[in-house]
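Let's sit down together and learn to read a two-chain model, one feature at a time. Have the viewer open and follow along.

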Protein chains: 2
Amino acid sequence: MIGGEALVRSLVASGCDVVFGNPGTSEMHFVATLDAVPEMRGVLALFEGVATGAADGYARMREGPAAVLLHLGPGLGNGLANLHNARRSRVPVVAIVGDHATYHQQYDAPLESDIETVARNVSPWIRRSATAAAAGADAAAAVAAAVGPPGQVATLILPADVSWSDGGSVAEPVRRVERGVVPASTVERVAGILRSGARTTLLLGGGAVRAAGLRAAARIAAATGAGLLAETFPARMERGAGIPAVERLAYLAEMAMMQLDGTRHLVLVDTTAPVSFFAYPGKPSNLVPDGCEVSVLAGGGDDASAALEALAAAVGSGAAPAAAPTSRPGRPSGALGADTIAQAIGHLLPEGAIVSDEANTSGTFLPGLTSGSPPHDWLTLTGGAIGQGLPVAVGAAVACPERPVLALEADGSALYTLQSLWTMAREQLDVTTVIFSNRRYAILRMELARVGATASGERALRMLDIAPPEIDFVSLAQGLGVPAVRPDSAEAFADALERAFAEPGPHLIDAVVPSLF
Amino acid sequence: MIGGEALVRSLVASGCDVVFGNPGTSEMHFVATLDAVPEMRGVLALFEGVATGAADGYARMREGPAAVLLHLGPGLGNGLANLHNARRSRVPVVAIVGDHATYHQQYDAPLESDIETVARNVSPWIRRSATAAAAGADAAAAVAAAVGPPGQVATLILPADVSWSDGGSVAEPVRRVERGVVPASTVERVAGILRSGARTTLLLGGGAVRAAGLRAAARIAAATGAGLLAETFPARMERGAGIPAVERLAYLAEMAMMQLDGTRHLVLVDTTAPVSFFAYPGKPSNLVPDGCEVSVLAGGGDDASAALEALAAAVGSGAAPAAAPTSRPGRPSGALGADTIAQAIGHLLPEGAIVSDEANTSGTFLPGLTSGSPPHDWLTLTGGAIGQGLPVAVGAAVACPERPVLALEADGSALYTLQSLWTMAREQLDVTTVIFSNRRYAILRMELARVGATASGERALRMLDIAPPEIDFVSLAQGLGVPAVRPDSAEAFADALERAFAEPGPHLIDAVVPSLF
């Protein structure tokens, strides 16, 4: 068995059975193996940033490892931004990076590059497979490193001759490592804080913002009066009717500081202490209020939900507060805007929907207007590198073919990885994409003032506006094989959204909206 | 003066007066400066890979430094592949990478990353600007490093607070360093080889494939019987009627070995010894024939053209051979294919055109059918990382607004950085783009067999084909503001090409062609 086949079979054996990728010559033996190993599904992306973002989305929803296949240093570079996001999502992604044959690297051929150096930024685990005999075991080791817990990006560099040489063997499946149990002493310490009566806020992230964790947190809050907040950009948050609604910490530092104002104890549950997204002249970076003490209930490798259950028991909480019933806003009418779009989404969001949210400034009204919709998952831009929403939608749809996916995309961000639409069309993924076409990098318009760059004029603003020329997302979507419409009112938008949810396969709605900034 | 303004003014003072970019919050003060410093032109790209490739194309044609503005590690990552290509082009590119404020980096905010690590792969020179007072001098040092000679990518990391703080001052302009003069002893040694009568081939690259160098080389060849070859992927080659035609070394190792067969002395002129692009089982990576001796006439920092003139004098060459007159192929007719398209281009290519060639397999017929067209520049995919052709066309058109630019793009490669079309539309660049829509990664179809991955079947081939669904480049171009047509015959293609050349501004022709592989 050649090394490439041993590697692919070992990935499959360890539960990694989808590979997103854009292969090149050095990966041809991996690709050829797809016919011999039908258990491995290959999903082609037209750009590596789509493949890496899809792996992130897949891992978030599958709760298992995703594989991505990349072509040397430049291919890894193209996928780096979404691997950065995946790192922040703390999900398991195995990046297989093809390289020149071992003996070819000395010649500095055009595509030669230092793959380890590129990978280091996003991938704590990096290994170069040295022989075909080792390839299978290396693949299993990569999966083991990726799944953690916590999940991370693991990079396995695969020289072409390792892939094409004989002598490979399939590795034993990786044994699943359970998340850590938080010690009783830690639970008791936090319970003591809660019992003290000092104003306490639980900041929930990672596994704590899934339904079970949120329910336990709500019981704690009811019993102790503690405040609850979710991290600003959760990888996957369960929400909607029947799930306790927990506000996310705001992106804007000023608003986040208001949310945290008065807190004497901040308890971190599978997340990190809050910091400002960017620095602003004269404003603090650290958002923990002065004099507030920070404690950790559960870290990245811990079972956060179990820790919250234990804490709920320790503080003697009763049953969960009554869950809010489904409560949708009415069907919107009038002008199309970020508000009426959010209303239409809240009105129509199907039960079990997966929302990939990269709406940025246009998403302002979404949390409020969808909180009473039937239960759904909400996936956010974890690492701040734009161009993540459409690829994450691709991966989520591959992971959960039976669930509708809604991608909410700012126009500027959509254009980073628009090739995602083609993969949606090829794989006939049930993804409805809404483009918020406000025709500018609106967030930069806002940030320009916040950083005090007030002397800006026409030439500066031209670098923040993406029109003229106006971008026609209907044309773009159709060019990539996705049917698309551009409604001109809130009613027409709601009709289009309803049709898109009703029909299988991908759809795009180009919503031209006024910018909020 | 704030550091950002000192930096921008220092760039301008040293001849770096165009910046391609996609800025974010940390670059807002740089952007705001564009109004205070109108000498700096900002060109917005919708994706960083467009910006970095445009900088490469600009530097190739301007023969001066290009600047590119990127947003932290992920923005640099998005631009990395085309910086890899720029590194191989050996052109001066100053990459300004905005970073968090110095005091903010400790907080590991979502976009925090190790920018130096990402940059290291493509940029031998990396500096982090530490204070506003140093920013101007740092910018000048970056330009000096970038221009060399030889040119290279120089990365200047600019923390947000360095940019927004007062205390900056404008640096003195960088003094131009002339290329090195090759020692007489080196010229004489190579002349001795040529006089020896042993079969000798001059392999020309870099500055040696400009008109003056090619003319000197032709005189040497005429006087000594030496063979001439150009490197496979020159950054900028002058060619066409009146310029000695020199064949490029083939991409396929088997063909390159035939071109070099029998050579006893290989003389490198501003290029490196030939190696196979990829490794193939059982085939050599080093393409220098057994027993052939390799000598260097001129290296990367040398004046290659002057070295060739000196060599021509040393071997007592006479006047240049008579230059071939313009000799265009006739207007094509019949079916549309890679051959008839090349014929139409040869028939119509305007004098002074700049051709950005990423036609890949579909470009097979181009060299032969355009060699007698009026003089023009030919820019190739120097580093092998696809998605370079459209951005390079953008940069070339910005550098040379008076010259027509022709971008020849394989469909698969075009989709990597298609956002280039929008910048062509916004800046109204005179670029005609021809998409060779063969609807597959044809080169991988060819490579699959060459690497011996013969067991591949339908599932493997599906990873190499980019249809279904078929991509409609007319829709895509129109969506990005570029008028486009899809001719259905060679005649219609020639008509469309003629119209596109005649009208200013960008145009796209979607040429659906049979794949050659």
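Q: How many salt bridges are there between chain B and chain A?

A: One reminder before we count: this is a predicted model. To find such a bridge, look for a side-chain nitrogen of Lys or Arg within 4 Å of a carboxyl oxygen of Asp or Glu. Between chain B and chain A the count comes to four. One to look up is Glu427(B) with Arg462(A), where the closest N and O atoms lie 3.4 Å apart.

Q: What area is buried between chain B and chain A?

A: The idea is to take the accessible area that two parts lose on being put together, summed over both. Here that is about 8,200 Å², and carbon and sulfur atoms give 62% of it. On the side of chain B, Tyr416(B), Arg459(B) and Met463(B) lose the most area to chain A, together 9% of what that side buries. In residues, the contact takes 101 from chain B and 100 from chain A.

Q: Why can we say that the copies meet through the same surface?

A: Compare the interface residues of the two copies: 99% of those in chain B are also interface residues in chain A, so the same surface is used by both. Chain B is brought onto chain A by a rotation of 180° with 0.0 Å of shift along its axis, at an RMSD of 0.0 Å. This is the relation of a two-fold axis.

Q: Which residues of helix H11 in chain B are buried?

A: Buried means under 20% relative accessible area. In H11, which spans residues 253–260 of chain B, Ala253(B), Ala256(B) and Leu260(B) are buried. Down the axis of H11(B), the buried residues fall within an arc of 60°, so they line one face of the helix. Their cover includes strand S8 (227–230), strand S10 (265–269) and helix H18 (442–450) of chain B. Just after H11(B) comes Gly262(B), with a positive phi of about 90°.

Q: Is Leu408(B) buried or exposed?

A: Leu408(B), found in strand S14 (residues 405–410) of chain B, has 0% relative accessibility and counts as buried. Beyond its neighbours within four places in sequence, its contacts include Ile345(B), Trp378(B) and Phe436(B). Phe436(B) is 28 residues from Leu408(B) in sequence, yet their C-alpha atoms are 7.5 Å apart.

Definitions and conventions: Residues are numbered from 1 along each chain as its sequence is written. Chains are lettered from A and ligands numbered from 1 in the order in which they are written. This is a predicted model: local features need pLDDT of at least 70, side-chain atom pairs count only at pLDDT 80 or more; totals for chains, interfaces and linings use all residues. Side-chain values use heavy atoms; hydrogens and water are left out. Buried means under 20% relative accessible area, exposed over 50%, partly exposed in between (1.4 Å probe, protein chains only). Helices (H or I, at least four residues) and strands (E, at least two) are DSSP runs, numbered from the N terminus. The arc is that of the directions from the helix axis to the C-beta atoms. Contact means heavy atoms within 4.5 Å. Copies are superposed by least squares on the C-alpha atoms of residues with pLDDT of at least 70 in both. Buried area is the accessible area (1.4 Å probe) that two parts lose on being put together, summed over both.
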